[in-house]
Amino acid sequence: MSTFEGYVATFDNEPGYLNWAAFGPLSPSVRAEVFADADLLGSGRPSSLSLVAERVGQAQQIIAGMLGGDADDVTVQPSSTQGLMHALYGLTGAVIASTAEFPSVSLTVERAATATDHAVRPRWITPDDGRVTAGAVVDALDDEVVALAVSHVDFRTGYRADLAALRDAIGPDRLLIVDAVQSFGVVDVDYTPADVVVGHGYKWLRAGRGSAFAWFAPRARERISPLLSGITGTTASGLFVDELPAPAAGARAYTVSQPDTLAAGRLAIGARDVRDAGIAAIEERLADNVDAVIEIADRHGIAVRSPRERSQRAGIVALAPEEPARLAAALANAGLVVTARGASVRISPHAGTDAETLQLLDDALQAFGNETFISA
Ligand SMILES: Cc1ncc(COP(=O)(O)O)c(C=O)c1O
């Protein structure tokens, strides 16, 4: 069995799970290692505590390798929103962001403006269907703009932004701040056009909550003042008393306090597993599964709102059915787990989604269509 097929075989959750964009059921390796780490913490022995603390460095190394950066530039965070707070609160100037972003981007830009007495100024854009394209960004550019904050993959439509094109659009002197929550680990892309990348482990990495990261490339560190820097973000290497050291020169400045070592371990294992399986292979299998979902929706006459081109999507298929609430209920009754929000039903498979799950979806949509026919 190849490493990739071995990885696919680890998807041991019940058939019917199509909600990876909301939460990824924990992988067997994450579950096993967190139990082992918890046992070590339970012993209280300093050597055992140190062993678990090594998870932080492991997570930094693995994430940095996947992003093409240095481990020292990766910080372990409690959430990707907190990573974005470190990046956005420390800016001075206008920040382009779409009003349709996940609130971790939009609300954080707004709160940054309030917290900084408007040193940070939101430059809202409302592009068609929330798609942050290079054209939409260029239209909003002027000399005041210092950064663009954008989701790599839109949580609602699944639209995948073109990071290289966005970098070209903003030029070399502005910061590209990327929320990679819906792409990291399942999209094989070059993240180096970005200056800041945040992500977390509780969806596509199958690593549970609390396992987030934020990467600050050197250019970002030069321009983002560490406004939220805490006791782990200083020049001091240990505990300090009777002195107030300055923020550290490195990315550590964008941390508040000691990281949760159990969460860092989960992040390290979740990231290691996708790296070892091969992110290109994961992306390809995920794209096959997304194709299958789109084909099923098309066959049953349900409108698909997500992009169809592989290069413009990742793992999210947004359906726009005529009767969203009734469809959501039908899927739930059939044992399918999806996200139903307003007019949209969001289906998100993973690389390990099995044929049985896709068949369940097909059968549920078939029955849904027949029900419409009978009741019409
Ligand atoms: C695009 C995007 N960004 C951020 C978040 C929130 O991340 P966190 O819970 O790590 O703050 C989500 C959660 O669904 C998301 O979809």
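Author: A residue is called buried if 20 or more other C-beta atoms lie within 10 Å of its own, and exposed if 12 or fewer do. Please keep in mind that this is a predicted model.

Reader: What makes strand S2 largely enclosed by the rest of the structure?
Author: Five of the six residues of S2, residues 93-98, are buried, so the strand is largely enclosed by the rest of the structure.

Reader: How do you know that S2 is paired with strand S3?
Author: Two strands pair if at least two bridges are found between them. Six bridges join S2 to S3, residues 120-125, and the two run parallel; therefore they count as paired. As one example, Ala94 has Arg121 in S3 as its bridge partner. S2, helix H5 (residues 103-115) and S3 together make a right-handed β-α-β unit.

Reader: What joins S2 to strand S4?
Author: Three bridges join S2 to S4, residues 145-151, and these strands run parallel. Val95 has Ala147 in S4 as its bridge partner.

Reader: Why is Asp117 called exposed?
Author: Asp117 has 7 other C-beta atoms within 10 Å, and the limit for an exposed residue is 12 or fewer; therefore Asp117 is exposed. This residue is in the loop between H5 and S3. Its phi is positive, about 55 degrees, although Asp117 is not a glycine.

Reader: How do you know that Asp242 is exposed?
Author: Asp242 has 4 C-beta neighbours inside 10 Å, so it counts as exposed. Asp242 is placed in the loop between helix H8 (218-223) and helix H9 (261-277). Asp242, too, is not a glycine, yet has a positive phi, of about 65 degrees.

Reader: What makes helix H4 largely enclosed?
Author: Nine of the ten residues of H4, residues 80-89, are buried, so the helix is largely enclosed by the rest of the structure. Among them are Ser80, Gln82, Leu84 and Tyr89.

Reader: Why is strand S6 described as largely enclosed?
Author: Five of the five residues of S6, residues 196-200, are buried, so the description applies. Val196, Val198 and His200 point one way from S6, while Val197 and Gly199 point the other way. In a regular strand the side chains alternate between the two faces of the sheet.

Reader: Which strands are joined to S6 by bridges?
Author: Three bridges join strand S5, residues 175-179, to S6, and these run parallel. S6 and strand S7, residues 212-216, pair in the antiparallel sense over five bridges. Val196 takes part in both pairings: Val196 is the bridge partner of Ile177, and Phe216 in S7 is the bridge partner of Val196.

Reader: What makes S8 and S9 edge strands?
Author: Three strands form an open sheet in the order S8-S10-S9, with antiparallel pairing. Strand S8 (317-319) and strand S9 (339-341) each have a single partner strand, so one side of each is left without a neighbour in the sheet. S8 pairs with strand S10, residues 344-347, over three bridges, and Val317 stands opposite Ile347 in S10.

Reader: Which residues surround the ligand, and how do they divide by type?
Author: The surrounding residues include Ser79, Phe102, Asp179, Gln182 and His200. The shell around the ligand divides into four nonpolar, seven polar and one charged residue.

Methods
Residues are numbered from 1 along each chain as its sequence is written. This is a predicted model: local features need pLDDT of at least 70, side-chain atom pairs count only at pLDDT 80 or more; totals for chains, interfaces and linings use all residues. Helices (H or I, at least four residues) and strands (E, at least two) are DSSP runs, numbered from the N terminus. A crossover is right-handed if, with the strands pointing away from the viewer, the path from the first strand over the helix to the second runs clockwise. A residue is near a molecule or strand if its C-beta atom, placed from the backbone, lies within 6 Å of it. Ala, Val, Leu, Ile, Met, Phe, Trp, Tyr, Cys and Pro count as nonpolar, Asp, Glu, Lys and Arg as charged, and the others, Gly among them, as polar.
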